[in-house]
Amino acid sequence: MQKNHISAAIISILTLAACAVAGASFLEHRKVEPIVRGPGVTEVVKLSAWYAGLAGTPADTDVYVFRGQNPGGSMLVIGGTHPNEPSSFLSAVLLIENASAESGTLYVIPRANASGFTHNDPQEGAPLAYSFTLPDGSKRTFRYGSRATNPVHQWPDTDVYVHAASGQTLSGNETRNLNRGYPGRTDGTLTEKACYGITEMIRAEKIDLSIDLHEASPEYPVINAIVAHERAMPIASQVVLGLEFSDITIGLEPSPKNLRGLTHRELGDATDTLAVLMETANPSQGRLRSRTDEALVLTGKDPYYVKAQKLGRLYVPFDEKGHPIEERVGRHLTAIGEFAFAMSGEYPDRPIELSGVPGYDDLGAKGLGAFLRTAD
Amino acid sequence: MKILYLGIAAAILALTAWNLWTEKDWRKQATAAMVAIPLLLRVLLIK
């Protein structure tokens, strides 16, 4: 055997071993962690029930339904549009495991981009997962996903992404961004089909209010804010005032009419729902962040962002206390409660009354793990 | 389109493997190996 063949054989074996180790880690990311049904969940339905084209695809996802004992309006909470924004997903999980609907119907999608949860973004150094300790000492672990659909499920990206309904052009990597694909289409990409499924669900169920949960980098201008479609502005204004009474400062932004493909624009235009999107502050997805690990995801403490704040570079207050996950989830959940309250006041014939939703102060005092149920 | 791109990735993977086995310098063989890892993971639809 030639000398170079000996080294080639050794290197090939090492290469296959590296592929095996990396591949096992990537495949582990596809396992779906359990979400425990709380007392208020009356049904769990697949999104493909509203658009059969999603059945059997990686974009099909669970929709948790809470039907109240009393009739009323309906509200949809969309979590996990971007799986690298943990407060979005965790807010949906806490609703599923704790909330009940007394009047009206609540729909919760925890993994709106289910494919995005099956991988992570290269070159970001993000942790694979984060964990919470429950009061009984057990642990619940959730993966830190990607902003976009898994390229294994949708590939290749075009050089330029053209939003089908408007012709708007964006960077090619937005092709896999769920929040650029609305209202979606049946002959489009997997991401656009998922958008279509959600839009169809809103149409079919005549959902009155749709809330899309997000997080943003501290240097991003739209942060700690509600972005509202023009028809949703009156109710969103009431929510801003309600949150101020709870000492939660939040901005209110109108949905730009020329920024297409996002929930707050397209769901409001394509359906009768009142469409809003909410953002909290997540330093673990920012460009100025320091070491990106589980602690940063959960505590939101980052010395680089403290420095950036002192230099006036941020759009959100940032001190040594950071923005812990309890604060971020608490903001989302409190706002959801305020939206339900405002809906009931504005549309008394379509009340939405929720109970059991963890409160902002309770989350801060007890920690998020106190509101998770033990998984079997 | 996806099938076409997978075909391209498989072809480049084959060329990279050929380079690894014909190259005399072990450092260049190692370089070829590093190129092959993401190609192999994509061809197998793992990453």
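Charged residues in a predicted model

Q: Why does A:E244 count as partly exposed?
A: A:E244 has 36% relative accessibility, and because buried means under 20% relative accessible area, exposed over 50% and partly exposed in between (1.4 Å probe, protein chains only), A:E244 counts as partly exposed. This is a predicted model, in which local features need pLDDT of at least 70, side-chain atom pairs count only at pLDDT 80 or more, and totals for chains, interfaces and linings use all residues. Residues are numbered from 1 along each chain as its sequence is written, chains are lettered from A and ligands numbered from 1 in the order in which they are written, and side-chain values use heavy atoms, with hydrogens and water left out.

Q: What makes the contact of A:E33 with A:R111 a salt bridge?
A: The closest N and O atoms of A:E33 and A:R111 are 3.4 Å apart, and a salt bridge is a side-chain nitrogen of Lys or Arg within 4 Å of a carboxyl oxygen of Asp or Glu, so the pair forms a salt bridge.

Q: Why is A:R111 called buried?
A: A:R111 has a relative accessible area of 9% and is therefore buried, and A:E33, with 14%, is buried as well.

Q: Which residue meets A:E33 in a salt bridge of 3.0 Å, N to O, and what does the pair tie together?
A: The side chain of A:R143 meets A:E33 at that distance; A:R143 lies in strand 6 (residues 139–143) and A:E33 in the loop between helix 1 and strand 1 of chain A, so the pair ties together parts that are 110 residues apart in sequence. Helices (H or I, at least four residues) and strands (E, at least two) are DSSP runs, numbered from the N terminus.
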